[in-house]
Amino acid sequence: RKITIGHNNKGSSAGWFVEKVVVDDLGNKALYEFPVSRWFAIDEDDGKIQRDILVGGSQPTGIVYNVQVVTGNIRGAGTNSKIHMIMHGSKGLKNSGKVFLEGGKFERALTDIFNIEIAALLSPLSRVTIGHDNGGVNPGWYCDKVVVFCPFTGIEQTFPCCRWLDEDEGDGLIERELYEMVSLRQKRQKKHPWSLWLWTSDLPGAGTDASILFQIYGDKGKSDEMKLNNKTDNFEQGQLDKFMIELPDLGKLRKLRIWHEKRNPFAGWHLGRVTLMKTLTKENFKFPCERWLDTNEDDNEVVRELPAMGDLIEEPLAVIKYRVTVYTGTVGGSGTDASVFLCLIGDLGDTGDRALINCKNNVNKFEKGNVDEFIIEAVSIGQVRRVRIGHDGRGGGCGWFLDKVMVREEGQTESQAVEFPCNRWLDRNEDDGQIVRELVPFADGQRLFNVSYHVAVKTGNISGGSSDSKVFVKLYGEKGDTSRMMLVVSDNNLGNYFETGRVDIFTVDTYDIGQINRLMIGHTNEGMRAGWFLDSVQIMVPNHGNHYMFPSHRWLSEDEADGKTEVEIYPSEILDLEELYTGDVFAAGTNANIYIQIYGDQGKTEVITLKSRSNNFERGTSDTFKIEAKDVGSIFKVRIGHDGTGIGAGWFLEKVELKYLIMALVKKEKKEDKKKNKKKKKKDEDEDEEGEEVMQEVVKTLTFPCDRWLADDEEDRELVVELLPEDNEDLEEVTYELSVFTGDMMGVGTDAHVFINIYGEKGDTGERPLKKSNNVNKFERGQEDVFSITAIDLGVLKKLRIRHTNNQTNSAWYLDRVEITDTNEDVTYYFPCNRWLAVDEDDGQIARELVPVDEAFMKKDEDEEGSGATLGLEQKAMSTTYTLRIKTGEKKYAGTDANVFAILFGDSSEQFI
């Protein structure tokens, strides 16, 4: 039925090429032929020195098992012996035979990874046998565990060992039987073995030395990009090359994209055809090509898309030429010399990232004000829904201001082109710093149709773990998967990325893929130190409120572990947009830090600082920001202000526009019938459908007029303002008069800065500084200081929070009480305190939360027995005491001298500490 054949890799020239094996059974007079035609060598072909061969097996049918062998983290755990293993099938009847794990290091605390191809389905395994030959200087070995993953079944099994395989330790055994810890079993994505054959044409110069890449699309999804980078001399003129690949369930195949990345004169390749066969079911698909992938031949492109053909395909998809027009903006420095790429995304798939090199109308591409045209040939992707466009960020003037992209099929009129507006920078030093953007055919609320994924990548804290290579990530979700996204612009701006023991944070914007179930991460293997030790990846998705943890703790290096530079890992365990308009008056702009807070009927956002890498808030300009926050329901007000820092901090704000996505009924678009001869019945159906409505996402815009200064030397000298939407009819602005009474004792006044936040049934004022008093010297002994705060109507007042900064010599303050008058309703609220706000008095707190009491309590005679106790009980009944215990870590320098704060969030309202 099959044979296993291999060698022990000893000797000066161990590599071996086997043509075939013939077995003559003399007793039964039977002859068995096993065709091989493969290398058995670590430095040739796929690097294997042992293979399973089936009788007459012209097609490879092996199943690949991914095996991780973990050496223990105790002294002397490593070994120089040759390690072998046997995998036993579920009933113990079948096994893999003895497999030698060549190329592993088996050093202390290291994980060695191997891909073993067996011509039998053994998963799930019943047990694993592991041992060594007791050779070498230090043969003893401490094995921690063995982990086996079978892509075909999607089952990952863990076999703990935690024992010595050493003649001088423990029971002296050097081979052990390991059994699975079933509680650790994991289900992963299933993958099936396929046979891939490629025919290079028999034309002069048809062969290539370039590495070939490909991607396969089916009606259930698409594969990852895969590289055919065998160590032998493949893709030569007139040659057939055979490969074994693993694919997830893609359904019926639609197309194959194949390309190489070398654009030098001798890298050209003439591909005859490609065939794909599922080795278990013998499903067969053909992909004829007969074209050059060469910068000097045909249409000068090095990528081809081939529609699937064969008995299972009723009608192959058409190959279409898409005319893409790229408009560069006209602002200063708009052009770029970087390499630009583009991907069209439609209902039936995408074109993949295509380098925009062969421009049809300009020699110097992507210059200021340019309109550049390109042709992208691809198998039909249906209706084009999105355009992903970006550049590689290389070169001195790589920043680029993209105006828009127009897409139409070749032969269509310009009026039929779909417009994808951008009007943004693709520049590390401008806007949000991103150099890749996904565009949708909507001018309004363009940014709202993408979701932000915050990716935190931790490099392992081991020697040589850092990398100079470029890192990429691909996310897989329940609604689809992203493209391969390069991590090139860090949010935490640490300079050199992926250094030992460090965390680099990146933000990528793309369409919503739903709940993430796995990711693929890797690097381009470039630079002096390309090898990389990846500790873990965390992904935060504020839109969904999800936080994913992906442990890795492995090498991504050609010289370490299994030699892989990319790996697939599994997890272990709402959207608002602001546009701010600065007024067109003298000195209207500001360099201060702007913040905003949004209030709705279901709560409020946190205070959000509006950051950008561009020069924002200049006179007569509008600035756009995308922010992520919880869903606050129907929005009724915003608070906006600045911190007054920088030269010329005063700011004249004209208005705020807030855009967000809502679900709404919209009229269904009437489809155009291009056929000249229409049947009357069809015509009537179209008329009936014209009035239909469908539910879809639309952009809602709220405008908050302002037209006032936020400056300490203009108007009312306030740096913060609350704004209502222009169509508001229910709420109004209210002025609250505050009387703050300082106690009448020695040393009770304060020189610190005092802040207050007033809470009502309809919201709060946000923290406001108490600056403009009726007294020049504020908060002195026995003094009443009067202030005014303007805010949107808070309704009945519930509490206030008052604090000081404790940053002056005489900061300690004894607060007697606060009285607040609602000037609209002519109602006064009384907030007694009678306590210190001081670090060295009372309980050491410099902030107090006060609740209002009835006026009758305030008017009682101070000497009346029990009045103080009654007042204290009333206040206590309306408040809650929380005790926080914070443990500082035991690491070196773990302590801090900084001021620490905490905020507790509950169902009703937030509590501050």
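1. Glu377 counts as buried, at 15% relative accessibility; buried means under 20% relative accessible area, exposed over 50%, and partly exposed in between, with a 1.4 Å probe and protein chains only. Its partner in a salt bridge is Arg291, with the closest N and O atoms 2.7 Å apart. A salt bridge here is a side-chain nitrogen of Lys or Arg within 4 Å of a carboxyl oxygen of Asp or Glu. The pair links distant parts of the chain, 86 residues apart: Glu377 is in strand β27 (residues 371-379) and Arg291 in strand β21 (residues 284-293). Arg291 counts as partly exposed, at 22% relative accessibility.

2. On the origin of the values: this is a predicted model, in which local features need pLDDT of at least 70 and side-chain atom pairs count only at pLDDT 80 or more, while totals for chains, interfaces and linings use all residues. Residues are numbered from 1 along each chain as its sequence is written, and side-chain values use heavy atoms, with hydrogens and water left out.

3. The chain has 913 residues, and buried residues make up 48% of them. It contains 3 helices and 60 strands; these are DSSP runs numbered from the N terminus, helices being H or I with at least four residues and strands E with at least two. The chain exposes about 45900 Å², of which carbon and sulfur atoms supply 46%. Accessible areas come from the Shrake-Rupley method with a 1.4 Å probe, and for residues only the protein chains shown count as cover.

4. Side chains of opposite charge can pair when their charged atoms come close. The structure holds 60 salt bridges. One of them joins the side chains of Asp353 and Arg388, at 3.0 Å from N to O. Asp353 lies in the loop between β25 (349-350) and β26 (354-355) and Arg388 in strand β28 (residues 384-391), so this pair ties together parts that are 35 residues apart in sequence. Asp353 is partly exposed, with a relative accessible area of 37%, whereas Arg388 is buried at 9%.

5. Lys637 and Glu722 form a further salt bridge, their closest N and O atoms being 3.1 Å apart. Lys637 belongs to strand β46 (residues 635-642) and Glu722 to strand β49 (residues 720-723), so the pair ties together parts that are 85 residues apart in sequence. Both Lys637 and Glu722 are buried. Elsewhere, salt bridges that share partners join Lys222, Asp224, Lys255, Arg257, Glu305, Asp350, Arg354, Lys474 and Asp481 into one network.

6. The largest nonpolar core has 28 residues, and those touching the most other members are Met85, Met87, Leu101, Ile116, Ile130, Val146 and Val148. A nonpolar core is a set of buried Ala, Val, Leu, Ile, Met, Phe, Trp, Tyr and Cys residues joined through side-chain atoms within 4.5 Å. Two or more residues each come from β5 (63-71), β6 (83-88), β8 (111-118), β9 (127-132), β10 (141-150) and β11 (155-165). The largest share, 5 residues, is given by β10. Apart from this core lies another, of 27 residues, including Leu198, Ile212, Leu250 and Val274.

7. Ile130 is a member of the largest core. Leaving aside neighbours within four places in sequence, Ile130 is in contact (heavy atoms within 4.5 Å) with residues including Val69, Met85, Trp141, Val146, Leu165 and Ile174.

8. Asn73 lies in the loop between β5 and β6 and counts as exposed, at 54% relative accessibility. Not counting residues up to four places away in sequence, Asn73 touches Arg108 and Ala109. A polar contact of 3.0 Å joins the side chains of Asn73 and Arg108. Such a contact is a pair of N or O atoms within 3.5 Å; within protein, one must be able to donate a hydrogen and the other to accept it, and residues adjacent in sequence count only if both atoms are side-chain atoms.

9. Ser739, in strand β50 (residues 733-742), is buried, with a relative accessible area of 13%. Its side chain makes a polar contact of 3.1 Å with the side chain of Glu784.
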